[in-house]
Amino acid sequence: MPERDRTADVAAVRGGIEASNRGDLDAVLELFDPEIEFHIAPGLGNAGTYRGHAGYREGFEGWADAWDDFTIEILDVQAVGDRHIAVDARQSARGHGSGVEVEMRLGYMFELRDSKVVRLHILHDRDSALAAAEAGERATG
């Protein structure tokens, strides 16, 4: 069975990150399934698992509220199997109030079903995101 074309999924993920950079939370949530699982790995700010649109708002806004000029730069995007996408990203921001500039590399793992993101995991690095995507493919494949 031939692999399906993932171009639309990759474009949706890129569009969601661009919307996040613009601060357009409504556009981001349009891409998400209403029951999305949003996970931030232990050791990262606001670590935990959040569910649904309200959970995403809680997890993401808790992280983003600490920063000014918060941006995500996509360094690489890789489609994995039929449902997963791994993203290597650089996040940069300036501390709200402190003005301290910070930058960190992170990995994002997206799982899509019917053109909606059903799982988004923010992980410590690209390799962790890729491993999570591969494990997710094996579990759903």
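Glu37 is in contact (heavy atoms within 4.5 Å) with Thr49, Tyr50, Arg51, Val118, Arg119, Leu120 and His121, neighbours within four places in sequence being left aside. The residue belongs to strand E1, which spans residues 32-40. Strands (E, at least two residues) and helices (H or I, at least four) are DSSP runs, numbered from the N terminus. Glu37 counts as buried, because its relative accessibility is 17%. Accessibility is classed with a 1.4 Å probe on protein chains only: buried is under 20% relative accessible area, exposed is over 50%, and partly exposed lies in between. Glu37 also takes part in a network of salt bridges, together with Arg51, Arg83, Glu111 and Arg119. A salt bridge requires a side-chain nitrogen of Lys or Arg within 4 Å of a carboxyl oxygen of Asp or Glu.

The model is predicted; local features need pLDDT of at least 70, side-chain atom pairs count only at pLDDT 80 or more, and totals for chains, interfaces and linings use all residues. Residues are numbered from 1 along each chain as its sequence is written, and side-chain values use heavy atoms, with hydrogens and water left out.

The protein contains 4 helices and 6 strands. Their order from the N terminus is α-α-β-β-α-β-β-β-β-α. The C-alpha atoms fill a box of roughly 55 × 30 × 25 Å along the principal axes. Buried residues account for 42% of the 141 residues. Of the contacts with a separation of 6 or more, 49% join residues 24 or more positions apart. The accessible surface is about 7,400 Å², and carbon and sulfur atoms supply 48% of this surface. These areas come from the Shrake-Rupley method with a 1.4 Å probe; for residues, only the protein chains shown count as cover.

Charge was examined next. The protein carries 15 positive and 27 negative charges, whose mean positions are 3 Å apart. Lys and Arg count as positive, Asp and Glu as negative; His and the chain ends are not counted. Each charge is placed at NZ of Lys, CZ of Arg, CG of Asp or CD of Glu. Side chains of opposite charge can pair when their charged atoms come close. The count of salt bridges comes to 14.

Arg57 pairs with Asp26 in a salt bridge, with 3.7 Å between the closest N and O atoms. This pair links distant parts of the chain: Arg57 lies in helix H3 (residues 52-64) and Asp26 in helix H2 (residues 25-30), 31 residues apart. Arg57 is partly exposed at 33% relative accessibility. Asp26 is exposed, with a relative accessible area of 53%. Arg57 also forms a salt bridge with Glu61, at 3.9 Å from N to O. Glu61 and Arg57 are separated by about one helical turn, because they stand 4 residues apart in helix H3. Glu61 is partly exposed, at 33% relative accessibility.

Another salt bridge joins Arg126 and Asp127, with an N to O distance of 3.1 Å. Arg126 has 28% relative accessibility and so counts as partly exposed. Asp127 is exposed, at 54% relative accessible area.

Val87 sits in strand E4, residues 84-95. Its relative accessibility is 1%, so Val87 counts as buried. Beyond residues up to four places away in sequence, Val87 touches Val13, Ile17, Ile74, Asp76, Val77, Leu106, Gly107, Tyr108, Phe110 and Ala129.

Arg4 lies in the segment before helix H1 (7-22). The residue is partly exposed, with 39% relative accessibility. Apart from neighbours within four places in sequence, Arg4 is in contact with Asp9 and Asp82. Arg4 and Asp82 are 78 residues apart along the chain, yet their C-alpha atoms are separated by 6.6 Å.
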